[in-house]
Amino acid sequence: PVPTILIAMVVAAVVVAVTEAAWLTTTLAPWNLRKIMAGQKLKWRTGVEMRVMGVKTEVFEANPTKSKGKTAKVTPVHDKDDPGSPGVQAVSEVDVKQVLPWDLDPDYWRGLRRRAEKGNQDYWSQARAKVEELKALEEPPADQSEGTQDCVRFLHNTFPCFQSAQSVSVALVRSGPGVASGESVKVKVVVEAGSFGEAVPGKDFEAGSRVVTFGGGVDHVVFEVGINQSHHLWHNSYTFRVRLEEVSSGDALLAHPSTAAVVVLTTDQYPGNLPSHKRGGEGVSLLRYYTKDAYRRRGKAWKKTVLALMYVPFHVSFVSVLVQKLLVDHAAKKVQTAAQGDEAWYYYEVLLLVGVQLLSTVMNRTADAYQIRNRGRTGGTRVDHRMKLIRKYSHMEQPEYWEVSGAAWLYCAIMDVETVTVGAYWQVYVFIQTLFSLFLNISLVVILAMISSKPGLGFSADVGWSLFGIIVTVPIGLIGVVRRRRVTWSLIIRRMEHEEAWVETMVWIMQHGKQFFGFTNRERAALQGRFARECKAFLCNHRNATNVQNDNHWYSHWVHAITYCFMLLFGTLALIEFQRFGNGSMEVGTLYALWKVYGNVGKAMGRLTTVFVRMQHAVVSLRKMSTLLNLHDQRGLRRQALEWQSQSGDPKAVREAARESMAGDVIRFQDGVAFVRPSHCKVGSQFAEFRLVSGVDLPLGRMIFVHGQHEGILSSFVGLAAKVLDPYLPEADSPRVTLPQGLRFLMVPTIMIGVGLMANTVSEELQLTGHPKEFCEAVAKLLGMDPGQSTALMSKGPSQVLGIVKALLVDPDVLCLVRPLSMVPKDMIDPVAILLRLWQAGGGAPAIADLVQQTPEVPKTVHRSTRRTLILGNVDHKPFGPCALDVLLDLDKHLVQGGAGKNGDGAGAAAAAAPHKAAVELTPKDAAAAEVATQPAAEAAAQPPA
C-alpha cells in the first residue's frame with residue numbers, strides 16, 4: 001500500500017494546489033501574500049493596544065526647525081509598587097527636552113490677533129479704511145450692472161420634481177434691457193451630475209448639452225430635462241445640476257444663478273416600490289418585496305450565488321451518499337462474488353468512485369469561492385442599506401430631524417442593517433439551498449428504493465416508508481415556529497428598544513467624555529447609574545427574546561429527533577429481517593445511506609428553523625428600516641415642486657415669477673406667520689415655537705441686527721429667514737415667508753460642527769468652500785492660523801473663527817448667524833467684525849480677495865450682484881460700529897404674547913403687551929443714537945431709570 005498511498009498523496013496535493021490557485025478561488029496565492037506584506041506594515045496588535053503600551057509616540061512639532069525628524073524613545077514599563085498597573089511610558093531625559101513647549105518658537109504663545117497682524121499690517125489697515133468708508137455711506141452701493149446689462153440666468157436655484165414625472169421643467173429668464181433690445185440670444189446649457197446627489201448620468205437622467213434660444217422680446221424660456229424612473233428598484237431622492245456654459249450668439253451676459261440643482265423627489269415606498277395597500281401588514285409582503293428588490297439590484301450576481309450555493313447540498317447530500325452506497329453495496333460486494341480474473345474491474349470502480357468524490361470536492365471549493373465573490377453581503381448589501389439611510393438623513397429638512405431620534409437612526413444603521421442582511425437577505429439564499437437539499441434527499445430516498453427493489457416486487461417498501469417520514473417531518477417541525485411569530489416579534493421589539501436606549505447613552509458618553517472634567521462625582525455616579533439601569537432592562541428582555549428563539553429551534557429539533565429514533569429502530573429491524581430471514585431488501589449500504597439522509601434532513605430542518613427564526617427577527621428590523629426610509633421628507637421642496645409643476649405650464653405664471661425675482665428686495669414675513677411643531681415631534685431645544693402678530697420686512701443688502709429675549713424664538717425667526725425652517729400652522733391658508741427667487745441662503749449654527757471631520761488641516765477646511773489652495777492659505781494666514789495646522793487640535797474659539805470665515809468664502813447672498821461672536825477669542829472680535837462688515841457692504845468674497853490680492857474661484861464670465869445681506873441674532877453692535885444703513889429689529893415687539901389668542905400658546909415671548917410698531921427699525925444716522933438703539937432689550941431693562 002505504500003506506493004499507492006504516496007501516489008494518492010501526490011495527486012491530492014496537485015489537486016489542492018490547482019484548486020487553490022488565485023485565478024480559481026478567493027484564497028490568496030503566496031506571491032500575493034508576499035506583495036501585501038512588502039507593501040504594507042502588517043501589525044498583529046490593535047491600534048488601542050499599541051497606543052496604550054507605548055510602542056511609538058509622535059513628537060510635538062510646533063517648531064519644525066528644532067524637532068523635525070525626531071521621535072521620542074518610549075519603552076513600556078510597569079510600576080514596581082503596583083504590579084497590576086498598566087504600561088507606563090518611560091521617556092529619557094534627552095527626549096523630554098525635545099517635546100516640552102517652552103523651547104518652541106515665540107509664535108506659539110501669541111494669540112490669533114497678534115499672529116494675524118504679524119506680516120499682514122497692510123491688509124488690516126486697508127480693511128479698516130475700507131470698512132470706515134463703507135460705514136459712512138448714506139445709501140447702499142448700487143450694483144454697476146444691475147438693470148443695465150442684458151443678462152441670462154436661471155429662474156430658481158433649485159427645480160424640484162417627482163420621480164414619477166417623465167421630465168422636469170427648467171426655466172431661464174432674461175433681464176429687461178435684453179428683452180427691450182429685441183435681439184435674439186442663444187445660450188448653451190449643460191446637464192450633468194453634481195457634486196452631491198448620487199445621480200448617475202444616462203441611468204437616472206438624460207445628460208448632455210443643448211442650445212436654448214431667446215427670440216426677440218422673449219423674457220423667459222422653459223425647456224425639459226428627461227428623467228428615467230426605475231419602476232422596480234427603490235431610489236433615494238437624488239440631485240443633478242444644469243449649468244449655463246456660454247453665450248453661443250448675442251451680446252448677453254451670463255448672470256447668477258448660472259447653476260441650478262434639479263432635485264428628483266422619491267414618491268415610491270421602500271423596498272422594491274412597495275404598493276401602499278400592502279403596507280401595515282405583518283411583514284410577509286415587505287419581506288417578499290425586499291427579496292425582489294435584492295434580486296433586481298444584484299442582477300446576475302444573485303443568480304450566480306444561488307447556483308453556487310446549490311452545489312454544496314448536491315455534494316454533501318447526493319454525491320457523498322451515493323459514493324458510499326456504491327462502494328459498500330456494489331464494488332466491495334461484487335469483488336467477493338466475481339469470477340477469477342474479473343476482480344480488477346471492481347478495483348478500478350473503487351478508484352473511479354474515490355476520484356468522483358475528490359472531483360466533487362474540487363467543484364465544491366470552486367462553488368464556495370464563486371458564491372463568496374458574488375453574494376454581496378457586505379459591500380453589496382450592508383453598505384447599500386447604510387448609504388440609503390445616510391442619504392435619506394442628509395436630504396431631510398431641519399424640522400424632520402425631530403420626528404425620529406438620532407439614536408434610532410444610529411441603531412438602525414449598525415444593528416438593524418446587520419439583522420436585515422443576515423436574517424433576510426442571506427437567509428433567502430439559505431432557504432433556497434435548504435429546499436434544494438430536501439429535494440435531493442427525497443430524490444435520493446426514491447433512488448435507493450429503486451436500487452434496493454427486487455425483480456418482480458417493484459418499489460422497496462422497506463425504504464419507501466422512510467420517504468413518508470421525511471415528508472411528514474418537515475411541515476410539522478415548522479408549524480410551531482410560524483404559530484409563535486407574534487410572541488417572537490413582541491419580545492424582539494422590546495429587546496431592540498431597550499438596547500437602543502443604552503446605545504444612545506453610550507454614544508453620548510463617548511462623544512462628550514472629553515468634557516467630563518466639569519462633572520462632579522455625584523454626576524458621574526448618576527450617569528453610570530443610568531447606563532446600568534438601561535443595561536439591566538435590556539438584559540431582562542434579551543433573555544426573554546433569546547429563550548423564545550431557542551424554544552422555536554428546539555420545537556423542530558424534537559420532531560426530527562423522534563423521527564430519527566424511529567428510523568434507527570425500524571431500519572435496524574429491517575436489516576435484521578433481511579440478513580436473518582431474507583425478508584425485504586434492506587442492505588447495509590442502504591441503511592447507512594438512510595441514516596445519512598435522515599441526518600442531512602435533520603440539518604436541513606435545523607437550517608429551515610433558523611431561517612424562519614431569523615426572518616422573524618429580520619422582519620422587525622426591516623419594518624423599522626423601511627419606516628425610516630419612507631419618512632415623508634423634504635416637505636418644503638415637495639410643496640415647491642407642486643407649485644412649480646402648476647406654474648411651468650402657464651407662461652403668464654412663469655413671467656410673473658420672473659418679474660418678482662427681478663424686483664424682489666425684501667424678505668417678507670406676513671402678518672400672523674408662525675412656526676409650530678407637529679404634535680408628534682415636539683423635541684429639541686434649538687428652535688422654539690412662536691407667532692408674529694405683525695409682519696416684518698427685512699431689506700436685502702443690509703446688515704440686520706435682530707434682538708430677542710428668547711433664544712429659541714430668535715433662532716426660529718432667523719431659521720425662517722434662511723429657509724432652514726418652514727412656517728407651519730394647522731390652517732390651510734397659513735401666512736408665509738416670502739423670499740426672493742434665485743438667491744442662496746445659508747445659516748451657520750452658533751457652535752461650529754464638522755471642523756476636523758471632513759478635512760485635516762486649516763487649508764483643507766477652507767478648500768471645502770471651492771476656492772483654490774493659494775487663496776485659502778492666504779486667508780488662513782490673515783486669521784493668524786498655520787495653513788497646515790491640524791483642525792482636530794483646535795479649541796472652540798479658533799474653530800468658531802474658522803467656521804465664520806468658511807461661511808464668508810462660501811459667499812451666499814443671505815448669511816444668517818446667531819450669536820456669532822459668543823465663542824470668538826476676545827482679541828479676534830474686532831478683526832472678525834471687520835471681515836463681516838467688509839463681506840456684507842463690500843460685495844461678498846471678492847471684496848476680501850481684492851485686499852488679499854488673490855483670485856477666488858468665481859467664473860469671470862458670470863455676472864453676480866454685489867448685494868449681500870447679513871442677519872445677526874443677539875450680537876453686540878459695538879464691535880461693528882455705527883452705520884446709517886444698519887437695520888435693527890426688536891423681535892419681542894412683534895410676537896404674539898402668551899394668552900393673546902387661541903394660537904398664542906407656546907409663543908414664549910416675555911415682552912410687555914404693547915401696541916406693535918413697524919416691523920423694521922432703522923438706526924439713526926448719528927453714532928450716539930445708533931449705539932443706544934442697538935442695545936438688546938434685556939440690557940435696556942437692566943439700566944437704572946434716568
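For residue classes on this tour, Ala, Val, Leu, Ile, Met, Phe, Trp, Tyr, Cys and Pro count as nonpolar, Asp, Glu, Lys and Arg as charged, and the others, Gly among them, as polar. The model is predicted, with local features needing pLDDT of at least 70 and side-chain atom pairs counting only at pLDDT 80 or more, while totals for chains, interfaces and linings use all residues. Residues are numbered from 1 along each chain as its sequence is written, and side-chain values use heavy atoms, with hydrogens and water left out.

Select Y123, W124, V779, L782, L783, V805, L808, L835 and I848, which line the largest cavity; a cavity is a set of points on a 1 Å grid over the protein atoms alone where a 1.4 Å probe fits but cannot get out, and lining residues have an atom within 4 Å of a point. By class this lining has 9 nonpolar, no polar and no charged residues, and helix 7 (121-135), helix 22 (773-782) and helix 23 (796-810) each supply at least two of its residues. Helices (H or I, at least four residues) and strands (E, at least two) are DSSP runs, numbered from the N terminus.

Finally, select strand 4 together with strand 11 (residues 259-265): the two run parallel and are joined by 5 bridges, and F162 stands opposite L265 in strand 11.

How values were computed
1 Å grid on protein atoms, 1.4 Å probe; cavity = no way out; pocket = protein on both sides within 12 Å on 5 of 7 lines; lining within 4 Å. Pairing = 2+ DSSP bridges.
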